[in-house]
Amino acid sequence: MKRISIERNILEKNNESADFLRELLKKHNCFSINLMSSPGAGKTTLAERMIESLKSKYSIAVIDGDLDTTRDADRLASHGVNVIQINTNGACHLDADMVKKAIPDIGLDNLDLLIIENVGNLVCPASFDVGTNKNVVLLSTPEGDDKVKKYPTMFNVADVVLINKMDLAKFVEFDVSKVEREIKDVNSKAEIIQISAKNGEGIDKFIAVIERFIKKETQ
Ligand code: MG
Ligand code: ZN
């Protein structure tokens, strides 16, 4: 019983920090998304696609969560946007306080879009609100078509689910209609888009959704 109440306190405190962040970003008219998935599902490649598609129209910064390395952050920085690396020193998710500490290095004046690439993990990032407007969850076809019901919390908090690596679906016998059905079961509101971040399939559709969100959430 004691353990349960400690966990609740951690999450409540995190939610307070997340609400503070959301207000702060709103004041600066900055739209933000939280990218979540297993390791290797394609978050960094997707973020690179987003930067290339949107950087001529919007001022973009990225917060990159990683256990130890700057590999993803280096890739993202090569696209000419401001990237802040958070090394979690082994922690398996970002929390709102970590993001809060990174804000002074980002500078919110004139920032239109903040992309947060969470630590690769399909479990606890779903429970830690990091103060963004929208959650984008990637599921890649090589991970298998059984993941939605095994990790329902992640799919439940998603505003958009991207089924990535569609170019590999036929090789790994990924049943995309079953997966879409299961996503709708756990979250009827999530938008589902089939993409290949690598070859660009479906990216325009996703970018259109992001731009629609930006118009709705900012003036
Ligand atoms: Mg990555
Ligand atoms: Zn964790």
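**A residue and its surroundings**

Modeller: Setting aside residues up to four places away in sequence, Lys 134 touches Phe 31, Ser 32, Ile 33, Asn 34, Asp 159, Phe 213 and Glu 217, where contact means heavy atoms within 4.5 Å. This is a predicted model, in which local features need pLDDT of at least 70 and side-chain atom pairs 80 or more, while totals for chains, interfaces and linings use all residues. Residues are numbered from 1 along each chain as written, chains are lettered from A and ligands numbered from 1 in written order, and side-chain values use heavy atoms, without hydrogens or water.

Lys 134 belongs to strand β5, residues 134–140 (DSSP runs: strands E, at least two residues; helices H or I, at least four; numbered from the N terminus). Because its relative accessibility is 16%, Lys 134 counts as buried (under 20% relative accessible area; exposed is over 50%, partly exposed in between; 1.4 Å probe, protein chains only).

One of the residues that Lys 134 touches is Asn 34, which lies in strand β1. Asn 34 is buried too, since its relative accessible area is 2%. Beyond four places in sequence, Asn 34 is in contact with Ile 116, Asn 118, Val 130, Thr 132, Lys 134, Asn 135 and Val 136.

Strands β1 and β5 stand next to each other in an open sheet of 7 strands, ordered β3-β2-β4-β1-β5-β6-β7 with parallel pairing (at least two DSSP bridges between two strands). At the edges are β3 (82–87) and β7 (191–194), each of which pairs on one side only. Helix α8 packs on this sheet, touching β1, β5, β6 and β7.

Ile 210, leaving aside neighbours within four places in sequence, is in contact with Phe 31, Ile 33, Met 50 and Leu 54. Phe 31 and Ile 33 are also among the residues that Lys 134 touches.

Technical notes:
Axes are lines fitted to C-alpha atoms, for helices over the stretch in contact, and angles run from 0 to 180 degrees between N-to-C directions.
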